[in-house]
Amino acid sequence: MSLIVQAHGHLIIFVKKMNDVIAKSKDITLLEILDRALEKGIVISGDVVISVADVDLVYLGLKVLLSSVETMENLRGAPIEGAMQEPT
Amino acid sequence: MKIYIYGIIDFNDNLNNSIKGLGDRYVYNIPYQDIGVVVSNLPEQVLGKIDSDYVIEHEKVLESLMEGFSVLPMRFLTVFDTKENLISMVRYYYNDFKNNLDRLYGKVELGVKVIWPGESIRENIINLYAGNSQKIRISGNSQAMDYVTDKFQEYKTDKAFEEEANSRIKDIDRFFNNFVVEKRLEKLKSQNLLLNASYLVEKEKQEDFKEAFEHLRNVPGNFKYLLSGPWPPYNFVLLSKKSHTFNNLDKTDIFDRILNTKT
Amino acid sequence: MSLNKIVETDSPANFIEEMEKAQSILPEKIDANPKNVEKGLAKLVLTLVELIRKLLEKQAMRRVDANSLSDEEVERIGETLMKLENKMKELKGVFGLKDEELNLNLGPLGDLM
């Protein structure tokens, strides 16, 4: 069994549950949209994928992206425009 | 300036500035043979402000497209650096796209979710087994045997729980069978979320489907139901070709801009 | 928002709650920072070991269910599984990892745990 980690570009990806995004919305329609648009549809981009014997086991989807923005906003206490630092 | 992709359509002509997308930019069609890629130009400053509102914009574009075309929705935030790379992607997937566009023509996706009292159902099963003493025969009390007994009890409980779920899901699914071309059923996404179903339905059969949902809803009991749609066929696009990293597929840059990461 | 979507339900709050719960626990931060690389790798490895352990456990239970094991075999399996589980607990402790952190989202296959 071979373990292959394919990293696309930079590896520092700040991960958090999408709960925060959903909790803020409290909107069932938005939730239904997110349920589809964030992970389904045509997926062609190079996420971080971990493959075992050529079977993709896990990927970090775009949930990561939205979550990270929200989290960053929370941590900084302000909406973000432009570049920001990842907290250490 | 990046190129943001909304989806693929069965149309290779202009959209004539009829739809607006992310960052208030007009959406336009990039033709490739007999299909087209629907995109808009994405200014850099928009990338820094991506939030859930943009997902709504993304969905709005798809909704407009659905009225006139067969659409294969792109996952949110698929962005390309150059038109050349985008075209090479379409070239790579052309056959897949074409097949899907044909197969999904005239159909929409409808979502059905069902909540059931999973926790109490599990409790009932546990009590059933505890009372019934479904113990394996134990010869020589030992820690190992106790361990197996516990694990076995867990196993039997899980099994019974799943069987109950499967049976209920079958009952629910039966309501829609006549109006459905394809389906994706996600069982027990969480203990209480019994079913997360996506159904591919012909446009003309939508009303029948909704009626069936009303019948389902009226079944006596304490289940909760949700219907949503019509959606572009997010759950029904099948790509036969393996994922392929295209040059300059712009994931990295997006992360960079938003996270300003340093390696 | 002016989307023409119908979302019909008597209990939107329940569904919001359940979908929040159901959101998969995403894998840990994959960090290129050297001091954390070790922990990241440990998580990956332990997650896979946990996957195998659970598969073994399930397979064993199926055989117990089918009554296809002798008493001695059940005893031996019990011991082995017990040791495996204890070892995993130990390793998790060494790396400071919690059960939830070893979860994997297997895409269309759902979550590992």
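I call a residue buried if 20 or more other C-beta atoms lie within 10 Å of its own, exposed if 12 or fewer, and partly exposed in between, with C-beta atoms placed from the backbone. What I have open is a predicted model, so I keep to its limits: local features need pLDDT of at least 70, side-chain atom pairs count only at pLDDT 80 or more, and totals for chains, interfaces and linings use all residues. Residues are numbered from 1 along each chain as its sequence is written, while chains are lettered from A and ligands numbered from 1 in the order in which they are written.

**Chain C**

I started with burial: of the 113 residues in chain C, 19% are buried. Next I looked up helices (DSSP runs of H or I, at least four residues) and strands (DSSP runs of E, at least two), both numbered from the N terminus. Chain C has three helices and one strand, and along the sequence they read β-α-α-α.

Then I picked C:G93, which sits in helix α3 (residues 71–95) of chain C. Is C:G93 buried or exposed? It is exposed, because 9 other C-beta atoms lie within 10 Å. I also checked C:G93 against C:K58: they are 35 residues apart in sequence and 24 Å apart in space, C-alpha to C-alpha.

I count two residues as in contact if their C-beta atoms, placed from the backbone, lie within 7 Å. On that basis 28 residues from chain B and 27 residues from chain C take part. On the chain B side, the elements giving two or more residues are α2 (52–68), β5 (107–115), α5 (143–174) and β8 (224–231). Which of them gives the most? That is α5(B), with eight residues.

I noted a strand pairing too (at least two bridges found by DSSP between two strands). β8(B) runs antiparallel to strand β1 (residues 6–9) of chain C, over four bridges. One detail I wrote down is that B:S228 has C:V7 in β1(C) as its bridge partner.

**Cores**

Last, I went through the nonpolar cores, meaning sets of buried Ala, Val, Leu, Ile, Met, Phe, Trp, Tyr and Cys residues joined through C-beta atoms within 7 Å. The largest has 68 residues, and those touching the most other members are B:I3, B:I5, B:Y6, B:I8, B:L65 and B:V112. Strand β4 (residues 71–80) of chain B supplies the largest share, seven residues. I also found a second, separate core of eight residues, which includes B:M145, B:V148, C:V74 and C:I77.
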